[in-house]
Structures are given as C-alpha cells and as structure tokens.
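Dear colleague,

I am handing over a structure for you to look at, with the sequence alongside. Please open it first, and then read the notes that follow.

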Amino acid sequence: MVSLKDISTRCGVSVATVSKALNNHKDIAEATKENIRRVAKEMDYFPNSSARALKTNRTYNLGVLFVDEAQSGLTHEYFANVLDSFKQEAERNGYDITFISKHTGSMNMSYYEHSKYRGVDGVVIACIRFNDPQVVELINGELPVVTIDHVFDNRTAIISDNVKGIKELITYVYEMGHRKIAYIHGANSSVTQNRVGSFYKTLGEFGITVPDEYVKSGIYHDPDTTAILTRELLELKDRPTCILFSDDFSCLGGINAIKEQGLRIPEDISIAGYDGITLSQVLVPKLTTLQQDTKTMGRSAAEKLIALIDNPKATIIERVVIPGVVLPGQSVYNLKGRNK
C-alpha cells in the first residue's frame, strides 16, 4: 500500500506537506497541491480510514438504527426515502453509513454497544419502539443522536408535521362534502397520538362528533390488519362515507376489502392514505394522500447530526418540523357535486 512517505519522497516534500495538500489546506500553494495530487493518483494512493480515525479521533461513519413494527426493513418506502436522503447528505459531507443492530455474527449486543463497537461518530434513529430500554440506553449515552418522527427532551428531532398534515387532509375531505369520516390509525406512538388528536380536533372544529366505532387502532405498514378493520367499518349499519388509512401501503388492504364487498372507489366509498409514496400515485383511482417531504427530512437529519459531531460544545436541542402537502388524487368522491 502506498503511504504518504512514498508520495513525499517522489515529490521531494515533507510528509506534512503531502498530508496538507491532500486535505486541501489553505497554507499550501495550489501548484504544489496539484502536483502532489497528480503523483498520488499515479501511485494509486488511497487514504486509510483507520489511520485517519487515529489522527482525528473520528471515523466519519454514521450509525443508522432502523427497525419498524412490521419488520419490513428497507422495503418500507417512506423510511427508505428518508434514509436515502440522509445517506446522500452524509456522503456529500464525507461520511459512510453503518446499520446498527442487536446481532453481529455470533455476538449479541445492545444498540449502544454495537454503535460503540463500530465506532460510529453519531446515530440517527428512525421508526423504532422508542420506549425500548436499548433505545433509551442509546438516547442517554454519550454519542450524538438525532431522532426521526419521535421527540426526546434531550435529543434533536426531525419530525413531519403530523398535526397539520391530518388537519389539511381532513379539511380536503370535508370540503368534498364528507361528514362521516372514519380513521384506521397505526400503533400507539407520538406520531399516532398527534395524528389522532388532530383528527378529532379538526372534525370538532367543523362541528362533527366522531362515533367511537369510526376510529380503529391498526398497525402501520400492515395491509392484512387494515383489511380486517376495513371490513368492520363496512359492516356498520351507519357506515362512513370516507375512510382514512394510517399509510398508503396499509391502504392496499383496505382497497382489497372494499372490492371484496363489490363496492366502488370512490363512488360507493371514498378513501385517503398518508405518506405519498410512489405506489399511491399509480393506483387506479389515484390515491388521495398526504405526501411527506422525505427528502428534506433525511437531509435535515444528516445536517443536524453532523453539526452535533463537528461542534458538540455548541449543541442546541432542536425540534425541526417538516410540512407535507395534500395530493388530491381521485379516491375521494365529491359529495357536494352529487347533491347539486
């Protein structure tokens, strides 16, 4: 392996000068930098990450802790998009990515232990049971941490504006003439609590009382459970005219249940999703949904985590709220138009 000393010998300069040139220090002349870089390339020199870690006490490696309730991994399009944006911003800043888990080969470690074992400079946590003792251990550890879609008092959080998102989605459905609106939400979490609270609050502001049987507790990213709960809503004597689903992927189960009953979307019953994944916009009819800004969320998470690593003494605990946008689609029937 070619070393800095080998390059310095070829160029007739000190090892320190080679190091500064390759790291683009301002106190090295541009002509010298160009010559050293050219020689380094000719000699097939590659920087050694382990050597850099010893010198800087940093690995330029970010940990990603991502486990969702349905165990869908990176097939979960919403979080896959968030993490892809996170990865792009991390790489733009010279960082690599390591996924954190409880199992590495034959070794079993806590999330915090694995993070320390891999020597990551910081960790982003997404879509996880945030009350898991191992997550709490990581949150309370010494590593810089940024969370996505969950708020801890002592950590910076990047969150989608779930309150405003549901309000805008409900408002759209209401303005289409619907008054009997049901909601199949995901498992209990801060995201769910904000969405459900906004659901009741928004409809209350419109003077609508929601029957208890209109609100069902489901599981995110789980079409099978959603199908069962959709059937229960369809069997009600006074069934809703529109059903909101926890997410676009779970909505597929609801669509299947509706079609099994011989009902048409949206003529017989309207539906709306949440997330705005690609699939939602190629369905027929195109799904009405709330599109979350995954690109901004991922980029912001990387920016905040790297800032914590670069300047830990200037740490400010922040809550960064990212708004979404309603995609109207064609899955919500215009009842006002029907009644004209």
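Strand E7 is joined by 4 bridges to strand E13 (residues 319-322), and the two strands run parallel. Within this pairing, Ile159 has Val321 of E13 as its bridge partner. Please keep in mind throughout that this is a predicted model.

E7 also pairs with strand E6 (residues 145-148), again in the parallel sense, over 3 bridges, and here Thr147 is the residue that stands opposite Ala157 in E7. The strand itself, which spans residues 156-160, is mostly covered, since 5 of its 5 residues are buried. If you follow the side chains along E7, you will find that Thr156, Ile158 and Ser160 point one way while Ala157 and Ile159 point the other way, and that all of them are buried.

A further part to look at is an open sheet of 4 strands, whose order is E9-E8-E10-E11 and whose pairing is parallel. Strand E9 (215-217) and strand E11 (270-272) stand at the edges with a single partner strand each, so one side of each is left without a neighbour in the sheet. From one strand to the next, the twist averages 15°. Strand E8 (residues 181-185) is joined to E9 by 3 bridges, and the bridge partner of His185 in E9 is Ser217. Helix H8 (residues 162-175) packs on this sheet, where it touches E8, strand E10 (242-245) and E11, and its direction makes about 160° with that of E10. Helix H10 (residues 223-234), for its part, lies across E8, E9 and E10 and runs at about 155° to E8.

Finally, how many disulfides does the structure hold? There are 0. Cys251 shows why for its own case, because its sulfur is 9.9 Å from the closest cysteine sulfur, in Cys242, which is too far for a bond. Cys251 counts as buried, at 1% relative accessibility, and Cys11 counts as buried too, at 18% relative accessibility.

With best wishes

Technical notes
Residues are numbered from 1 along each chain as its sequence is written. This is a predicted model: local features need pLDDT of at least 70, side-chain atom pairs count only at pLDDT 80 or more; totals for chains, interfaces and linings use all residues. Side-chain values use heavy atoms; hydrogens and water are left out. Buried means under 20% relative accessible area, exposed over 50%, partly exposed in between (1.4 Å probe, protein chains only). Two strands pair if DSSP finds at least two bridges between them. A disulfide is a pair of cysteine sulfur atoms within 2.5 Å. Axes are lines fitted to C-alpha atoms, for helices over the stretch in contact, and angles run from 0 to 180 degrees between N-to-C directions. Contact means heavy atoms within 4.5 Å.
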